[in-house]
Amino acid sequence: DMRTGPDKYPDDSTALDAAAGSVDGANADTVRLLLKLGADPAVLDYAAIYSAHYGASRGSPQHPDAARLGAIFEAITGPPADPRLANRLLCAAARIGSDQFVKFLLERGANARGHFDPELARLKWIENNKRQAEHRAKQPDFDPVQEAEYQQQLQDRFEQKCSAPGVNEIPLFCAAASGSAECVSLLLYHGADPLARNNEKQTALFEVTSVAAAQRLVAAGLST
């Protein structure tokens, strides 16, 4: 779960992330124990929250349950002081369509427009690319020529990718992807920009998954 094997990409996931998204052992009691021992729910990885909600919504015994997700949300008293972490948490809540938690965070100061630091985006892009390149170089089928071509392709996209937030970094995009018209409305009411574009030059309509959510976006000014 922590991706520590030699064939895994490096990852900064925490034990709470692993417990939240685990499908083979952890349960709500595991999550509560980690929280009791000092795990910080406010810095949960986006994927962990989404994974937990996915299992809860499907009701599948092979996926995490609703109690696990509930234990995490109950432990959060408000958005983190760090705007980057606060945005990540708001995006996660919006992505799973939890209008109750989205409202909770917005009323306690989370920024509906999201947070984006272009300089940090550049640094993280360079760091992540370096880590992944080092990983690929260790693989038995590593091809230096193919890697050089791939690096050139990445470099060509560097400015665009760092010019604006990604699709999972804009709360309104996440809400649209969840299909929750309630989350979309909450974000718009609290100041989200309906005309915002991600680093692929797309608007939230590109992500929307329900007619009701699409109608809210169009009513706010987005053109079909």
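Axes here are lines fitted to C-alpha atoms, for helices over the stretch in contact, and angles run from 0 to 180 degrees between N-to-C directions. The model is predicted: local features need pLDDT of at least 70, side-chain atom pairs count only at pLDDT 80 or more, and totals for chains, interfaces and linings use all residues. Residues are numbered from 1 along each chain as its sequence is written, and side-chain values use heavy atoms, with hydrogens and water left out.

**Exercise 1. Describe how helix 9 packs on helix 10.**

Step 1. Locate the elements. Helices (H or I, at least four residues) and strands (E, at least two) are DSSP runs, numbered from the N terminus. Helix 9 covers residues 171-178 and helix 10 covers residues 181-189.

Step 2. Take the geometry. The angle is about 160°, and the axes lie 8 Å apart. Helix 9 is therefore roughly antiparallel to helix 10. The classes are: under 35 degrees roughly parallel, over 145 roughly antiparallel, 65 to 115 roughly perpendicular, the rest oblique.

Step 3. Assign the hand. A crossing is left-handed if the near helix is turned anticlockwise from the far one by less than a right angle, and right-handed if clockwise. Helix 9 passes helix 10 in a left-handed crossing.

Step 4. List the contact (heavy atoms within 4.5 Å). Helix 9 supplies Pro171, Leu172, Ala175 and Ala176, while helix 10 supplies Cys183, Val184, Leu187 and Leu188.

Step 5. Sort by class. Ala, Val, Leu, Ile, Met, Phe, Trp, Tyr, Cys and Pro count as nonpolar, Asp, Glu, Lys and Arg as charged, and the others, Gly among them, as polar. The contact of helix 9 with helix 10 has 8 nonpolar residues, no polar and no charged.

**Exercise 2. Repeat the analysis for helix 6 and helix 10.**

Step 1. These two helices pack at about 15°, with axes 9 Å apart. So helix 6 runs roughly parallel to helix 10.

Step 2. Their crossing is right-handed.

Step 3. Asp99, Val102, Lys103 and Leu106 of helix 6 meet Glu182, Cys183, Leu186 and Leu187 of helix 10.

Step 4. By class, this contact of helix 6 with helix 10 counts 5 nonpolar, no polar and 3 charged residues.

**Exercise 3. Which residues of helix 10 are buried, and what covers them?**

Step 1. Apply the cut-offs: buried is under 20% relative accessible area, exposed over 50%, partly exposed in between (1.4 Å probe, protein chains only). Ala181, Cys183, Val184, Leu186, Leu187 and Leu188 are the buried residues of helix 10.

Step 2. Their cover includes helix 5 (83-95), helix 6, helix 9 and helix 11.

Step 3. Look just past the end.

**Exercise 4. Classify the aromatic pairs.**

Step 1. Rings of Phe, Tyr and Trp (its six-membered ring) pair if their centres lie within 6.5 Å; planes under 30 degrees apart count as stacked, over 60 as edge-to-face and the rest as tilted. The structure holds 2 such pairs.

Step 2. Phenylalanine 101 and phenylalanine 104 are stacked, at 5.8 Å centre to centre and 15° between the planes. Both lie in helix 6 (residues 99-107), 3 residues apart, about one turn of the helix. Phenylalanine 101 is buried at 5% relative accessibility. Phenylalanine 104 is partly exposed at 21%.

Step 3. Tryptophan 125 and phenylalanine 158 have ring centres 4.7 Å apart and planes at 65°, so this pair is edge-to-face. It links distant parts of the chain: tryptophan 125 sits in helix 7 (residues 118-137) and phenylalanine 158 in helix 8, 33 residues apart. Both tryptophan 125 and phenylalanine 158 are buried.

**Exercise 5. Is alanine 213 buried or exposed, and what does alanine 213 touch?**

Step 1. Alanine 213 belongs to helix 11. Its relative accessible area is 0%, so alanine 213 is buried.

Step 2. Skip residues up to four places away in sequence. Alanine 213 then touches Gly179, Ser180, Ala181, Val184 and Val208.

Step 3. Check a distance. Alanine 213 and alanine 175 are 38 residues apart in sequence and 8.3 Å apart in space, C-alpha to C-alpha.
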